[in-house]
Amino acid sequence: MRFLLADDDLVGRKSLESILFSYGECDCVVDGHLAVEAFAKAMEAGRPYDLVCLDIIMPTMSGHEALARIRNLEKAARAPRGWRFLRRFFRKPGGKGRGEVPVIMVSGLDDSQNIAQAYLEGAVSAYVTKPFDAKDFRELLSAFGIYEKKARRNVEAVL
């Protein structure tokens, strides 16, 4: 599994990375612009992300704007023209939905305006407020069909 994390806060980024590490490969960026760039490059390379985590307040581009651009890239990949060659690499999460990667907005903002904007305008999959409980975050991942790597569990069991 591949994950993309976008958070300008080092502590928040490391916290999420430490959780996601046992699930797969994690790419981290510090702003929305770099998140969109990484997402596009992953699609072009035929190695799309299985999950994206975005903070809202970041330099150069907000999480809301980054999410909108990511959804536009996905629409272009599904379009009959344009990025047709990417369609064969684009996977639907869990084999259902509109072929959109699950995106979790992870933010310290818990006001109704930002939450509504994330769900209604950006089609976010989940919204988690900081600070969050690691156990609850893992349960959210399992709801998306994302489970820890078996090989890692075996190694930890031996230790």
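Which residues does Arg-13 touch, not counting residues up to four places away in sequence? Arg-13 touches Leu-5, Asp-7, Asp-8, Cys-28, Val-29 and Val-30, where contact means heavy atoms within 4.5 Å.

## Basis of the model

This is a predicted model, in which local features need pLDDT of at least 70 and side-chain atom pairs count only at pLDDT 80 or more, while totals for chains, interfaces and linings use all residues. Residues are numbered from 1 along each chain as its sequence is written, and side-chain values use heavy atoms, with hydrogens and water left out.

Helices (H or I, at least four residues) and strands (E, at least two) are DSSP runs, numbered from the N terminus. Strand β1 (residues 2-6) pairs with strand β2 (residues 25-29) in the parallel sense, over five bridges; two strands pair if DSSP finds at least two bridges between them. Within this pairing, Asp-27 of β2 is the bridge partner of Leu-4. Together with helix α1 (residues 10-20), β1 and β2 make a right-handed β-α-β unit. Right-handed here denotes a path from the first strand over the helix to the second that runs clockwise, with the strands pointing away from the viewer.

Arg-13 lies in helix α1. Arg-13 is buried yet has no salt bridge, and the nearest side chain of opposite charge, Asp-7, is 5.7 Å away. Buried means under 20% relative accessible area, exposed over 50%, and partly exposed in between (1.4 Å probe, protein chains only). For charge, Lys and Arg count as positive and Asp and Glu as negative, whereas His and the chain ends are not counted.

## Nonpolar cores

A nonpolar core is a set of buried Ala, Val, Leu, Ile, Met, Phe, Trp, Tyr and Cys residues joined through side-chain atoms within 4.5 Å. The largest one has 27 residues, and those with the most contacts inside it are Leu-4, Phe-39, Tyr-49, Val-52, Leu-54, Val-103 and Met-105. Two or more residues of this core come from each of β1, α2 (32-44), β3 (51-54), α3 (63-78) and β4 (103-107). Helix α2 gives the most, with seven residues. Apart from this core lies another, of 16 residues, among them Leu-5, Tyr-23, Val-106 and Val-128.

Leaving aside neighbours within four places in sequence, Tyr-49 is in contact with Arg-2, Phe-3, Leu-4, Asp-27, Ala-38, Phe-39, Ala-42 and Val-101.

## Salt bridges

A salt bridge is a side-chain nitrogen of Lys or Arg within 4 Å of a carboxyl oxygen of Asp or Glu. By this rule the count comes to 11 salt bridges. In one of them Asp-27 is joined to Arg-2, the closest N and O atoms being 3.1 Å apart. Asp-27 lies in strand β2 and Arg-2 in strand β1, so this pair ties together parts that are 25 residues apart in sequence. Arg-2 is buried, at 11% relative accessible area, whereas Asp-27 is partly exposed, at 23%.

Glu-25 and Arg-47 also meet in a salt bridge (3.0 Å, N to O). Because Glu-25 lies in strand β2 and Arg-47 in the loop between α2 and β3, the pair ties together parts that are 22 residues apart in sequence. Arg-2, Glu-25, Asp-27 and Arg-47 are linked in a network of salt bridges.
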